[in-house]
Amino acid sequence: GLKPNHVNIVGKHGGSDVKCPLTVKILDAVKGTPAGPMPLKVFRKGADGVWTQIATGITENDGEIHNLITEEEFPAGVYRVEFDTKTYWKNEGSTSFHEVADVVFEAHSEGHRHYTLALLLSPFSFTTTAVISDVHH
């Protein structure tokens with residue numbers, strides 16, 4: 001649940017979202033618009049190498065998702081974010097080459113960080129960029 005000191009910021013707050021340790025921004029390169037709604041899942045890799053799903057969500061029409069995961073659920077480790085791009089393109093009336101777009105990364109290896117995963121999509125291609133910010137407590 002929400003901690004008493006958790007501030008829910010209403011409206012557009014973009015990349016400076018200090019309360020969400022992991023956010024996404026998805027863009028449709030064909031239309032030049034944010035891509036949403038798009039389902040996504042977050043997995044953490046265990047010591048045994050097995051992936052465990054720890055969060056699921058769906059982007060809003062602005063291509064963003066907030067309150068996807070809490071700080072407590074996001075310790076140092078290896079994570080995979082799986083974007084259901086095929087469903088998005090199907091809803092857009094297009095055929096997609098990729099079943100999903102996967103972003104696999106190690107979090108907090110050099111200290112505590114917040115991460116924004118930016119994804120630029122077209123039906124046969126995707127590009128992903130990580131925007132990493134220091135967290136000052």
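Student: Through how many residues does a hairpin join strand 8 to strand 9?

Tutor: This is a predicted model, where local features need pLDDT of at least 70 and side-chain atom pairs count only at pLDDT 80 or more, while totals for chains, interfaces and linings use all residues. Residues are numbered from 1 along each chain as its sequence is written, and side-chain values use heavy atoms, with hydrogens and water left out. Strands are DSSP runs of E with at least two residues, numbered from the N terminus, and two of them pair if DSSP finds at least two bridges between them. Here the hairpin joins strand 8 to strand 9 through two residues, and the two strands run antiparallel, joined by 10 bridges.

Student: In which sense do strand 1 and strand 8 pair?

Tutor: Strand 1 (residues 22-28) pairs with strand 8 in the parallel sense, over seven bridges; L27, for example, has L120 of strand 8 as its bridge partner.

Student: Why is strand 8 described as largely enclosed by the rest of the structure?

Tutor: Buried means under 20% relative accessible area, with a 1.4 Å probe and protein chains only. Strand 8 is described that way because seven of its 10 residues are buried.

Student: Where is H108 found, and which residues does H108 touch?

Tutor: H108 is found in the loop between strand 7 (101-107) and strand 8 (113-122), and H108 is buried, with a relative accessible area of 9%. Contact means heavy atoms within 4.5 Å; leaving aside residues up to four places away in sequence, H108 touches F74, P75, A76, R113 and Y115.

Key
Helix = DSSP H or I, 4+ residues; strand = E, 2+ residues; numbered from the N terminus. Buried < 20%, exposed > 50% of the residue type's maximum accessible area, 1.4 Å probe, protein only.
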